[in-house]
Amino acid sequence: MGRINIEKLNKSYANRRRDPRRDDDPLLRQGDRVNVLFDIDLNILDGEMVCFLGPSGCGKSTLLRIIAGFEPPSDGRVQINEKPVKGPSADHIFVFQHSGLFPWMTVAENVGLGLRHLENRQERHEQVSEYIEMVELDGFEHHYPRQLSGGMQRRAELARALAVNPDIMIMDEPFSGLDFLTHMKMREEVVNMHAFIQKTILLVTHNIDDALIMGDRIVILGHSPTRVIMDRTLDFPRPRDFEKSSELSLLRSELFLMMGVNYAV
Amino acid sequence: MITKVRKIGAKKPHTHLMPFLGFFALLLAWDVLARFSGWSREVFPGPVVVLVSMGELLADGTLVRHTVASLFRVTVGFYLAVGLGIPMGIALGMMKNARSLINPLIQFLRPISPLAWIPLAMLWFGIGDPPAIFLIFLSSFFPLVVSTTIAVDGVNPTYFHVAANFNFSRTEIITRLVIPAIIPEVVTALRMTVTISWLVVVAAEMIAVQSGLGFLILDSRNALRMDYVMDGMIAIGLVGLTLDYLMRQLGALEAASWRKMTH
């Protein structure tokens, strides 16, 4: 189960700028604090793949880090399966923007991190190989992360996250820095994986196309302080294609416009 | 003009001879200087004289005995420093509160040369191995604590998030994250400190003990045997070279070289 309830979530930081910006938006600045997230309300269903879009620096990552338990909210509450988030846990695994693989461990050792509780070595070994095969990294078990290409590192990290069997997977720009083809393939893999395991996936991206192709739902966050400016469920069948579905294509243009791009090409 | 282009990384077949060439040039210069400086062989012995007297010292076992005595002190003092300094560095690196308490003390004690401790060391530990070992300990302990603390501090914070995400226990954070992450830096620090402690042992032996290479040099000076003094110096250099070589081998271990590992 991976149901998330977010109610009246606020996050503000102490203002460390000596010379505060000259805009006197009362929401942005309250005394010496800077608001990052403002009154966020979201209900995420079990098994939903939610894509978060928004301009850079808008607080998407902060929102995800709060859900993951790395940072406490300033106000409001975040509940996962009706229980408040108290800190990081193996139930909700965060996949980092830049590689979070331990570089001193081989791929197999990294994937095995989530399976430490298994006493039986044989069983653990089998499960590790299973997840490595799932992301098609068989043959690279004993390689160190730095010996892998960027795309392979992401896949290894995905395997490590899957091996824990978490209720929720949180991905912060999982495709950034990948070349075009690897990006496309990884995207496809995540969609297939989601169809297969049916876990709740939260995914931050800059890429509107990624969100449209992948998401069961798109949440768009506005600029500082961040509010939800659009929350939309996408019930288009998969595989999705802008050229074949005019409705999808229309939505795409609408999103581009919302994000400040006038002509989506 | 034609410039020969050689493939980068391709070693010339005779590259491994280069260090020997350096030593040979040094010997040659030394010999020339000794012959033409006008000083007597008692004051400035040439390489041949020194080599012959080294044969004497090797034959009666003196040189080996003194070298072993020095090595013993370095080993004990260095291991003590490693055994206490690295855990302390890890603790200071992980506990920010303890650091603000202890770090100023360390920074205060660190610049005091171990040699300044000689009078106190002799008073507290008497004559013999203990004061020398204490001085070696001091010389390596502080650098090791400081380098280890800095190394722990430099561990990518993402890894601690990952550890929390995978429900690491406190022990696991140390054994599976912090220690493997800092090994490359710690190996470098060990390489530096073993040289420092080898420097210090010779100085310590000139005061507090009746054995060791430092004592050999001091004793030979009193006997006006400059050739023996030079034998002692050569032995110190050779042992230093060996220690550095051994430490470098440590750096080649798989655990220490993950940082360099690419394709």
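**Helix α7 of chain B**

Guide: β7 (92-95) of chain A, together with α8 (170-205) of chain B, is among what covers the buried residues of α7(B). This is a predicted model, where local features need pLDDT of at least 70, side-chain atom pairs count only at pLDDT 80 or more, and totals for chains, interfaces and linings use all residues. Residues are numbered from 1 along each chain as its sequence is written, and chains are lettered from A and ligands numbered from 1 in the order in which they are written.

Visitor: Which residues of helix α7 of chain B are called buried, and what makes a residue buried?

Guide: They are B:Tyr159, B:Val162, B:Ala163 and B:Asn165, in a helix spanning residues 157-165. A residue is buried if 20 or more other C-beta atoms lie within 10 Å of its own, exposed if 12 or fewer, and partly exposed in between, with C-beta atoms placed from the backbone.

Visitor: How do you know on which side of α7(B) they lie?

Guide: They cover an arc of only 160° around the axis, so they sit on the same side of α7(B). The arc is that of the directions from the helix axis to the C-beta atoms.

Visitor: What makes up chain B?

Guide: Chain B has 10 helices and 0 strands. Helices (H or I, at least four residues) and strands (E, at least two) are DSSP runs, numbered from the N terminus.

Visitor: How much of chain B is buried?

Guide: By that cut-off, buried residues are 32% of the 263 residues in chain B.

Conventions: Contact = placed C-beta atoms within 7 Å.
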